[in-house]
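Look at the structure below before you read on. The report starts with one chain and then turns to its contacts.

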Amino acid sequence: MATLVDGPDALTGGKETQAPEAVVVRFAGDSGDGMQLTGGQFTLSTALAGNDLATFPDFPAEIRAPQGTLFGVSAFQINFGSTEIDTAGDQPDVLVAMNPAALKTNVGALKAGGLIIADTGEFNKRNLEKAKYEVNPLEDGSLEKWQLLAFDISALTLEAVKPFGLGNKEALRCKNMWTLGLALWMFDRDRQPLIDWLNAKFAKNPVLAEANVAALNAGHAYGETAELSGPLKQYHIAPVESEAGLYRTVTGAEAISLGLVAGAQLADLHMFFGGYPITPASAILHNLARLKEYGVTTFQAEDEIAAIASAIGASYAGQLGVTSSSGPGIALKGEAMGLAIMTELPLVIVNSQRGGPSTGLPTKTEQSDLYQAVYGRNGDAPMPVIASRSPSDCFEVAIEACRIAVEYMTPVMLLTDGYIANAAEPWKVPDPESFKPFPVTFLEEKNGPNGELLPFARDEKGARPWIKPGTAGLMHRIGGIEKNPGTGNIDYSPASHQIMTDARKAKVEGVANSIPLQEVNHGEASGKLVVVGWGSTYGPIYQAVRRARRKGLDVSHVHVRHIWPMPSNLGDLLKSYDKVLVPEMNTGQFKTVLRDQFLIDAQPLNKTSGQPFTIAEIEAAIEAALA
Amino acid sequence: MNEMTKIAVQTTLKDWETDQEVRWCPGCGDYAILKAVQRTLPEIGADPSNTVFVSGIGCSSRFPYYVESYGFHTIHGRAPAFATGIKLANPDLDVWLVTGDGDGMSIGGNHTMHILRRNVNVQILLFNNEIYGLTKGQFSPTSREGTNSPTSPLGSVDRPALPCAFALGSGARFIARAYDVSKNLPGVLKAAHAHKGAAFVEIFQNCIVYNKDRFDDFVAKGVADQNQLWLTDGEPMLFGSEKSGGVKGIALDMETLSLKVVDVLDGDWQAAGVIVHNVKNRALAHMLVEMPFGPFPMALGVIYDDARPSYEEVLLGQDEQARKGKDANLAKLLGKGQTWTVSGTAADPV
């Protein structure tokens, strides 16, 4: 794939430069510099230009870390192009560094020959010291393997917004719009949607709106001027060829929220969402809190346990209970999950995974809760687990989680991660009519052969009836103590526990009968090597396999959505390859589950740096495996 | 109580008994409380199909299995959170929450606090036996200092929590106190049910095995009269009798702004400065729940009762308002925000 600096015509390489297929841009600055907002708006502009894209917001856990420090750097990376884009890009072609700390923490990732845009106004003694630079890197030649475009963005911004009489601090806050203006010029983008957005955002303060628009325009104009004299060039990335239809950008957290709303509607149920704030899961609670009209009740509970307990209470009372959290919160919910398993009530638990253990890496991504999801409860407590692979995939996966929960009367865990939750990608807006409804029927009359009530009688799927309190004459008691297989009355006799343990296990295993067989995502159904992934490693695995196959390597890609139970053909499928490689952002959890379930020699490829895999890392592992 | 329970249903005590064998120790105070509840339910016109008993873990939390209604025996300490979810999902249900001193004040103290401050419309019955019964006799958060138990062989050094003071501090709008075998218990339960919002009732309960007769200092025959202050709204706070050594009353010491015990001579309580109970007086409630037993009698009955709108009424009302005039079209929602259409390769902003 030709990229901005891949070929002989690098960014500054002369007039013959052709439009690259894809470009990776990283905006980096202080956590107060508005880099996430800049990135978000640039993403929108990219989407409107018809490019395919993937983003990677990467920010510190501190809300306003001390200014200018290395740990306070916030970055936003976007990969966009005229071909299919599946990852946020291994190495940026362009780095916008708003201060020395941003340069220092990010320049190492920049592709050789890539372009650095730096704000000299921030490269003062104080900021250089904070970034632990002894000499100004813009002046000592240390950046010579890259192209450097250094100019005083701070001063230029102040100049541009001067007519609006803002204070110095407020005026400097327009720097991100100035930078965005320059970026829009570089990639030949329409400014109008941004101007409309700024006017709407600052509707109550028209002066601020005008100042920001002025900064945006000034940055744009600077590009035009700089092109004439310096190294900056303008590129036009052609729109990607994609299926016709209506598109929008969506983050994983948004898609999960929408998928849950759709899932509840397909089940013909009101949704109850019990949540407790935690990074990176809170966004789902924020989104749903604004969707009351879609039959959603949101409840901010006093803690993680109360969040899941209230959701189970709501499910007991006949709504679709949903709760969401991240690793530490999921750990707290464990006992209540056991109760939902024991009382056989539907529930969806969304786990937006982050680095662990304990508080770990609150804002960084990891896939290390797989054991917790599959095994992490006391007793034999089987629970279906499914995982989404990308932001847009979250929509379907959320619907699937709702379906399994109500059809099988079971809690279901949906695994996503910090990367998917925050990252955005274009999404072809689905037609809700295209999903098959799975309406719930509540028990209305006694169901026993002798006219008695049997709350734990089972249907062909092994599911018990859902009985809403308030239904005339169906009074009964449920709880966490082992129960009689039919009446549900307390019964911890040896026979009863054996029967009920087996029944709970068989029911969850039976979910495999309702899910699609595992497909090969790329490549052949047998061969020398299969790369098996789950969750957000989809993008880098897919691209790495694609590149390796272009080089003629015999490698295929299988990406598993249903983690527990797994598709019934998965074992045979994996056994049809000579080698199995499992890249994961953990120390090898899915690899171990695959070994356990299928007795195959699955080999791990692990990364736990809080950063997603690069394509190159997986490609190298493929080459090593086939060497 | 639930104002949505429009039709009073005719039931008898028998209708509220389940076919389950009761598994409490013989002589346990829980039996008396169960009977009092089963006696109260017909009197308030409760409908078994619309009634839910929710509990946590502990001896008291087995309660739902013995009441012929809907019942949910949940996990240790979390019953208030389950009950909150149930009420938000279906506010028409009449929900009773049964907990104990360990369940409600120790492992679940946090949830007790939040259901009270939110004011979810449920009746909370906290059976206080001042001991962990089901785990065989360890001291509990309400055990008195110096309690000998398997985990405190030298006597517990923890200072006990006061459930009613905790409830009031958490913002409860209804607080009452009674004990297992009291003939007044059904009356207290009725008052709790009549209160709209979270109603907190502490019920002293005799653990026959691990803390036998712990409450005899005010429950035992012979001392009850001079050691129990039964509160009635609008009535003077009197206790004792001529037979038990004289009628006494509770008065306010104006110098120290605290309560004091005064003698009432010839029935002239006004002359003695005895206070008239007012269930809406929060300052008075604070003094009553803190009133130390020993120098003072045990305050029983309805201590505080001043209703405010319930949590579910306000929250669901807000949701209802938010829904007004809104079009809940899912297709529209999915296609919201800045979108573009693709026809072939050209993208046009919408």
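## Overall build of chain A

In chain A, take the contacts with a separation of 6 or more: 74% of them join residues 24 or more positions apart. Two residues are in contact if their C-beta atoms, placed from the backbone, lie within 7 Å. This is a predicted model: local features need pLDDT of at least 70, side-chain atom pairs count only at pLDDT 80 or more, and totals for chains, interfaces and linings use all residues. Residues are numbered from 1 along each chain as its sequence is written, while chains are lettered from A and ligands numbered from 1 in the order in which they are written.

Chain A has 20 helices and 20 strands. Helices (H or I, at least four residues) and strands (E, at least two) are DSSP runs, numbered from the N terminus. Of the 627 residues in chain A, 56% are buried. Buried means that 20 or more other C-beta atoms lie within 10 Å of the residue's own, with C-beta atoms placed from the backbone.

## Domains of chain A

Chain A is divided into domain 1 (22-228), domain 2 (248-434), domain 3 (441-515) and domain 4 (520-626). These bounds come from an automatic or database domain assignment. The C-alpha centres of domain 1 and domain 2 of chain A lie 34 Å apart. Their contact takes 13 residues from domain 1 and 9 residues from domain 2.

On the domain 1 side, helix 1 (35-48) and strand 2 (52-58) of chain A each give two or more residues. Strand 2 of chain A has the largest share, 6 residues.

## Where chain B meets chain A

The contact between the chains takes 63 residues from chain A and 52 residues from chain B. On the chain B side, the elements that give two or more residues include strand 2 (70-73), helix 2 (79-89) and helix 4 (109-118) of chain B. Helix 2 of chain B gives the largest share, 8 residues.

Strand 15 (residues 477-479) of chain A and strand 2 of chain B pair in the parallel sense over 3 bridges. Two strands pair if DSSP finds at least two bridges between them. The bridge partner of A:Arg477 in strand 2 of chain B is B:Gly71.

## Helix 4 of chain B

Which residues of helix 4 of chain B are buried? They are B:His111, B:Thr112, B:His114, B:Ile115, B:Leu116 and B:Arg118. The buried residues of this helix pack against several elements, including helix 11 (304-316) of chain A and helix 2 of chain B. After helix 4 of chain B comes B:Asn119, with a positive phi near 70°.

Notes
A residue is buried if 20 or more other C-beta atoms lie within 10 Å of its own, exposed if 12 or fewer, and partly exposed in between; C-beta atoms are placed from the backbone.
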